[in-house]
Amino acid sequence: MGPLKGIRVVEIAGIGPGPFAAMMLADLGADVVRVDRADRVRDEIPDTPHFDVLNRGRRSVGVDLKNPGGAQTVLDLAKGADGLIEGFRPGVAERLGIGPEECLSRNPKLVYGRMTGWGQDGPYASMAGHDINYISLSGVLGAIGRAGQAPVPPVNLAGDFGGGGMLLALGMLAGMLEARTSGQGQVVDASMVEGSALLITMLYGMHAMGAWGPRGTNLLDTGAWYYDVYECADGEYISLGSLEPQFFAEMVDMMGIDAGGIDQNDRAGGPEMRTRLAAAVKAKTRAEWCEILEGSDVCFAPVLSLAEAPEHPHNKARGTFVEVGGAVQPGPAPRFSRTPAQIARPAPHPGQHTAEVLADWGFSADAVAALRSSGAVK
């Protein structure tokens with residue numbers, strides 16, 4: 001199942017964007033083996049699934065990368081892989097003996113994916129950092145927030161996941177596709193600074209045209225009163241995005257707003273219209289607004305919590321969320337008509353499949369026993 005059936009990928013365990021990229025590849029049908037640290041492997045693997053759903057769809061082997069036999073195990077896995085993903089700081093994989101040179105010398109067709117915040121080189125490359133720092137440098141964080149207020153971090157979506165993991169997954173797919181025709185692998189250098197910058201390409205274009213100003217004063221960043229979130233009578237929120245004139249007209253009509261002859265894009269009248277709209281929304285509950293506005297072209301949606309979203313009728317009809325191993329989680333995306341993506345298994349416990357994976361990837365029983373005895377795998 002899945003369009004990537006037959007593709008094999010080795011994932012060196014990390015946090016955030018690397019696991020997300022590996023999850024996407026596994027959802028699409030790739031056989032992704034997660035290499036977890038041996039010291040995280042319990043003596044007895046629990047019978048219940050692990051709830052770290054970001055690790056779903058993979059099997060896990062426990063490997064001591066500081067043990068020469070552990071590093072050699074990764075190199076042997078790389079021999080039979082189409083791709084490898086690692087998220088260490090620059091130079092760490094090389095010091096462990098599993099860097100691109102070592103892996104590509106054993107498998108010239110391998111696509112070696114590297115996930116970092118700053119990139120493999122540059123003045124910041126050796127510094128520690130997290131999503132909030134990377135999107136600060138790309139200009140993303142500075143663009144998000146209300147006028148006159150501090151920037152608002154969009155949790156870790158723009159750096160870790162959109163600009164990091166998804167960018168790496170795209171790079172791995174492109175690299176593996178090219179390797180099938182050229183017979184040559186290569187290194188994919190994915191950084192969250194560059195990936196998050198890529199996500200706001202449109203805003204950089206608008207800025208170049210003089211059409212994007214300071215934070216919170218623009219069409220899409222709460223600068224427009226008809227493109228914002230508003231509080232309802234019950235303390236819940238709805239979102240409105242009535243940009244086009246025909247949608248704006250429908251919003252004004254259905255929500256009972258007296259526009260008073262004010263042009264939609266008249267900035268001078270914006271504060272007054274924001275006040276009127278806020279008062280109108282505040283007069284009804286979120287459920288009441290759903291009853292009024294659903295099915296219209298107002299460009300409306302209720303603002304849902306993580307607990308509410310899986311239960312919404314639209315999401316249930318589409319199967320947007322699924323339950324695997326007792327954990328409700330977003331299902332695979334996008335949709336494929338002939339080779340549907342699926343979650344192969346719940347997230348593994350570290351080392352849960354060590355013997356199984358090594359056998360499947362061509363290690364003899366004696367070799368596995370020797371690796372266990374030496375502490376290279378667990």
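Helices are DSSP runs of H or I with at least four residues, strands are DSSP runs of E with at least two, and both are numbered from the N terminus.

The model is predicted, so local features need pLDDT of at least 70 and side-chain atom pairs count only at pLDDT 80 or more, while totals for chains, interfaces and linings use all residues. Residues are numbered from 1 along each chain as its sequence is written, and side-chain values use heavy atoms, with hydrogens and water left out.

**Figure 1. The whole chain.**
The secondary structure of the chain comes to 14 helices and 11 strands. The C-alpha trace spans about 80 × 45 × 40 Å along its principal axes. Of the 378 residues, 43% count as buried. Buried stands for under 20% relative accessible area, exposed for over 50%, and partly exposed for values in between, with a 1.4 Å probe and protein chains only.

**Figure 2. The open sheet of β3, β2, β1, β4, β5 and β6.**
The 6 strands run in the order β3-β2-β1-β4-β5-β6, and their pairing is parallel. Two strands pair if DSSP finds at least two bridges between them. The edge strands, β3 (59-63) and β6 (186-191), each pair on one side only. From one strand to the next the twist averages 20 degrees; axes are lines fitted to C-alpha atoms, for helices over the stretch in contact, and angles run from 0 to 180 degrees between N-to-C directions. Strands of a sheet pair through backbone hydrogen bonds, either parallel or antiparallel.

**Figure 3. Strand β1 and its partners β2 and β4.**
β1 and β2 pair in the parallel sense over 5 bridges. Across this pair, Val10 stands opposite Val33 in β2, and Ile12 stands opposite Val35 in β2. β1 also pairs in the parallel sense with β4, over 3 bridges, and here Glu11 stands opposite Ile85 in β4. In a regular strand the side chains alternate between the two faces of the sheet. Because 4 of the 5 residues of β1 are buried, β1 is largely enclosed by the rest of the structure. β1, α1 and β2 make a right-handed β-α-β unit. A crossover is right-handed if, with the strands pointing away from the viewer, the path from the first strand over the helix to the second runs clockwise.

**Figure 4. The largest pocket.**
On a 1 Å grid over the protein atoms alone, a pocket is an open set of points with protein on both sides within 12 Å along at least five of seven lines, a cavity is a set of points where a 1.4 Å probe fits but cannot get out, and lining residues have an atom within 4 Å of a point. Grid points are joined across faces, edges and corners, and a volume is the space filled by probe spheres set on the points. About 1,100 Å³ of space lies in the largest pocket. It is lined by 47 residues, and those closest to its centre are Ala13, Gly14, Ile15, Gly87 and Phe88. At least two lining residues come from each of β1 (8-12), α1 (17-27), β2 (31-37), β4 (83-86), β5 (111-116) and α5 (131-138). β2 gives the largest share, 4 residues. The lining divides into 23 nonpolar, 11 polar and 13 charged residues. Ala, Val, Leu, Ile, Met, Phe, Trp, Tyr, Cys and Pro count as nonpolar, Asp, Glu, Lys and Arg as charged, and the others, Gly among them, as polar.

**Figure 5. The second largest pocket.**
The second largest pocket holds about 630 Å³ of space. Among its 21 lining residues, Phe20, Met23, Leu54, Arg56 and Pro330 are the closest to the centre. α1, α6 (157-182) and β11 (327-330) are the elements that give two or more residues to this lining. By residue type the lining of the second largest pocket comes to 16 nonpolar, 3 polar and 2 charged.

**Figure 6. The largest cavity.**
A search of the whole structure finds 1 cavity of 30 Å³ or more. The largest cavity has about 40 Å³ of space. Its lining is formed by His50, Phe51, Val53, Arg56, Val324, Gly325, Ala327, Gln329, Pro346 and Ala347. These residues divide into 6 nonpolar, 3 polar and 1 charged.

Ala333 and Pro334 are joined by a cis peptide bond, with omega about 0 degrees. Pro334 is found in the loop between β11 and α13 (354-360). Val155, in the loop between α5 and α6, has a phi near 40 degrees, a positive value in a residue other than glycine. Val155 counts as exposed because its relative accessibility is 58%. Thr222 also has a positive phi, near 80 degrees, and lies in the loop between α8 (201-208) and β7 (227-231).
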